[in-house]
Amino acid sequence: MSYPFRVTDATVDVVEALLSGDEELYGLKIAKMTGRPSGSVVPILMRLEGCGWVLSEWEQDNAARGPRRRFYRLHADHAGEAASLVREKKKAPRKIMTAILRPGLGGAR
């Protein structure tokens, strides 16, 4: 299947987090859920929003401490595609051969 964005392991992890059903997902929370740095997660969320897969809105609670959060959710029109993406990519083997094929970087000598 073809997607309107580059599909990386990090992208799949973010989409999987968006499918979790959590109603209050924001960048840092998604980063913690996925184990990815927020500097990677937020640009992925922006790309997904740019192609219509994700909707976002600013936190409305003015009494909350700290900076306002931007909440993200998967667009209902793309939930099926998102679930297919995660299933498809989680089945495929990860690219673990790099270390084996590149001597001197912890692989074969």
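**A first walk through the model**

Mentor: Start with Glu-23, which lies in the loop between H1 and E1. Helices (H or I, at least four residues) and strands (E, at least two) are DSSP runs, numbered from the N terminus. This is a predicted model: local features need pLDDT of at least 70, side-chain atom pairs count only at pLDDT 80 or more, and totals for chains, interfaces and linings use all residues. Residues are numbered from 1 along each chain as its sequence is written, and side-chain values use heavy atoms, with hydrogens and water left out.

Trainee: Is Glu-23 buried or exposed?
Mentor: Exposed, because its relative accessible area is 71%. Buried means under 20%, exposed over 50%, partly exposed in between (1.4 Å probe, protein chains only).

Trainee: How far apart are the C-alpha atoms of Glu-23 and Arg-73?
Mentor: They are separated by 7.6 Å, yet the residues are 50 apart along the chain.

Trainee: New topic. How many aromatic pairs are there?
Mentor: The count comes to four. Rings of Phe, Tyr and Trp (its six-membered ring) pair if their centres lie within 6.5 Å; planes under 30 degrees apart count as stacked, over 60 as edge-to-face and the rest as tilted. One of them is Tyr-3 with Trp-53, edge-to-face, at 5.9 Å centre to centre and 75° between the planes.

Trainee: Which parts does that pair tie together?
Mentor: Tyr-3 lies in the segment before helix H1 (9-18) and Trp-53 in the loop between H3 and strand E2 (54-58), so the pair links parts 50 residues apart in sequence. Both Tyr-3 and Trp-53 are buried. Tyr-3, Phe-5 and Trp-53 form one aromatic cluster.

Trainee: What sits over the ring of Tyr-26?
Mentor: The charged end of Arg-69, 4.5 Å from the ring centre. The rule: NZ of Lys or CZ of Arg within 6 Å of the ring centre and within 35 degrees of the ring normal.
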